[in-house]
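Please find below my notes on the model.

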Amino acid sequence: MQQSFSRVPVRRARTHVVTGGTGFVGSALILELLARTEGTVVAIARPKADHSPKERVEQTLAELIEGYGLPSHLHEAVTTRVIVIPGDIEQVSCGVTAASMPLLRGAEFWHCAASLQYMDRHREQIERTNVLGTTHVVQLARRSQSPMFNMVSTAYVAGSRRGDIPAEQPDIELVNNCYERSKIMAEEVVLTSGLNARILRPSIVIGHSRTHHSTSTDGLYGFIRNLTKFRNALERTQVGLASTLDVSIEVHTEGRVDLVPIDSVVEDAVGLSNAGAAPGYYHLTNSTPPFVKDAVIGCFELSGLAAPHLVSNRDTMSEVDLKLQQRIDFYSSYLINPKRFDRSSVEAVLGESARSGTDLEGEAFLEYCTWFLDKLEGGSRKLAAVR
Amino acid sequence: MSNRPVIVVGTGRCGSTLLSQMVRQHPDLLSVSEVFSFTTDLGTRIERAFPVGALSGAEFWNVLSSPQPRQSLLLTHGLQMPEVIYPWERGRFEPGGLPPIMQGMVPHLDGLDPDVLFDELAAEVCRWDAAPVDVHYRRFFSDLAARFGKRQWVERSGGSLRVVERLVEAFPEAAVVHIVRDGRDTALSMSQHIGFRMAILCGFQIEQLGVDPFESSERTDEADLSDELADTLPENFTAEAFERFDLPPSLCGHYWAGEIVSGLTALEKVPPESLLTLRYEDLVCAPVDTVARLGSFIGAEVRSDWLAESAALVRNERPRWPKLGISQQEELARACQPGFDALREVGLRWSNHP
């Protein structure tokens, strides 16, 4: 297996500008850029809770170098090659001051910042961050005369479409929620900006393939977290209920759910950049993701729930099943609309060196879940149902 | 005649209110209602009603009288349980600040001017020396009985099976009456009752948020709330959102079964001679015999006028669960099954349940 973050730098010393540098994808991307390019990385970040942008980014990267088991010399690279400038994508030109603009001139942009919320009640915030925010990053890139704009979107802009998914413009009518809608709108902002742009579409990003470390609490981890909370709610209702109650869940039993380790995503992303890949759509997905049924059963059992009945529709569901379904509705579209993402545009550029994800069939998948559950239970704030 | 304390416990929505009304007809018995329902804020803040260690009279009065957040929120939005009988038109308290014992207990004792009794009790209790909470409760109930010329007090709070362990510890000398009702009807009633809906809703919110939204302003996990749970957070709460909250009867059936199973386990600590289990259905179908059993058990005089007045309180209500659709009936029955199984172990059966 190829190891992420470990290659000798191959590209010239172009500056890279990254938004979302404290987020899951953005932070891993910065480390990959440090490992595989020679240029400066400019991270645009907000101050937060008594921490300056610089402190936030540097602390995040330092933790990830340990968490991902990366070479320790990256600590020095963070100190010497990462420049953090204050900014906020919700402001015009991200609020970057004129004094900082020379740092960005001619830089390649990586727009990773995004809201991963998906509920309709958060729609305004989601669109402000994902659509308006993208507009501001695009403004900044144009002012900076950026030669290439990489936008991290999601493969699930395909919405409710099933089967083979080509890397192309999606149909906004097929979206499952306002998150997917916002990402399509953001893609449109980028594509109509006049910038050279790559639309990078990871699937559901999970932890590092070697250490399973993750700073994400969304996607797979949100599903597991909600199952765990459902278990706790059942136990609050009746002691012992979680392990005895027969629960049904709607899934496509033959399909797969595309989960891809974070190192695969950033390795392919930086690989495309280093290879000078043309503007276009790129699926940063996994060639061998787990089957939906295996993933669901594994998540239930690891969450302390009885193995569920897998059903193809909601007609026979009980009232309690529907309550669970309500809690995991966002994740449902991943379980009932299996997709095979076309990676040919990535493989055409990267050839043999394309990462193609990680084999997640069988036990391999469960290790990611176990890592997360250990972390979740370790920091649990669960309140006992007092008697 | 006995002056032994009596505690009535049940899951709630099980007919204990009727039993309380029957007790109230007896000239020697003081019926004390809903103290533990409301001091625990509908069973969600049990520890505050049973603090550890000695507390002063003023601190104990605080337990009895500090308005509780869930009840205050409900009342502020016009959501009043039938158990709340405070006469708003005559009293000084507002819906957002009604003390727990003013929701039901004090107005039951003095329906005309409960505020006066409240103030008298406050003045008296606040003078008490420090003591453990069980000593305070015992004195409080005994003094009330004396004040109203009764020999014996009978405390009955809806849903008190949830705190039965605490009650048995606090009143080891008490006669305990456990009233049970067909779980299907109980669960169906819970699913429509403001108090149970609030308690179960809050339980879900706590699990999804990782904090009690009434105790903490942290909302880190707010995105994990479904819309119906988000819309009923204290800061978003509306009566309409609360009424929209979908609480299926079968979920209440699981809750009922859990309460029965754990309640029966806790009641094993009560000596058999101190425990009487009554079926609500017997109270309705055979009130005279059932009330006579109750009277004999607690040591009250079994007076014919009491039996007649008690029987007159009974309304002929048919079970409501058969009105559900067949699949809903079946799901409800399955949910209740562990509770029925546990009750069968102690000799209680329902003729129309397998």
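1. In chain B, helix α4 (residues 57-65) has as its buried residues Phe60(B), Trp61(B), Val63(B) and Leu64(B). A residue counts as buried if 20 or more other C-beta atoms, placed from the backbone, lie within 10 Å of its own. Helices (H or I, at least four residues) and strands (E, at least two) are DSSP runs, numbered from the N terminus. Viewed down the axis of α4(B), the buried residues fall within an arc of 150 degrees, so they line one face of the helix; the arc is that of the directions from the helix axis to the C-beta atoms.

2. This is a predicted model, in which local features need pLDDT of at least 70 and side-chain atom pairs count only at pLDDT 80 or more, while totals for chains, interfaces and linings use all residues. Residues are numbered from 1 along each chain as its sequence is written, and chains are lettered from A and ligands numbered from 1 in the order in which they are written.

3. The buried residues of α4(B) pack against several elements of chain B, namely α2 (35-39), α3 (46-49), β3 (54-55), α6 (100-103), α8 (114-125) and α9 (133-147). Two residues are in contact if their C-beta atoms, placed from the backbone, lie within 7 Å.

4. Strand β1 (residues 6-9) of chain B is covered on both faces: Val6(B) and Val8(B) are buried on one side, Ile7(B) and Val9(B) on the other. β1(B) pairs in the parallel sense with strand β5 (residues 152-156) of chain B over 3 bridges, where Ile7(B) has Glu155(B) as its bridge partner. β1(B) also pairs in the parallel sense with strand β6 (residues 175-180) of chain B, over 4 bridges; there the bridge partner of Val8(B) is Val177(B). Pairing requires that DSSP find at least two bridges between the strands.

5. The contact between the chains takes 25 residues from chain A and 27 residues from chain B. On the side of chain A that touches chain B, α7 (220-237) and α11 (319-327) of chain A are the elements that give two or more residues. The most come from α7(A), with 7 residues.

6. Chain A has 14 helices and 13 strands. Its radius of gyration, 21 Å, is close to the 21 Å that the globule rule gives for 387 residues, so chain A is as compact as a globular protein of that length. The radius is taken over C-alpha atoms, and the rule is 2.2 Å times the number of residues to the power 0.38. Buried residues make up 53% of the 387 residues in chain A.

Methods
Buried ≥ 20, exposed ≤ 12 C-beta atoms within 10 Å, placed from the backbone.
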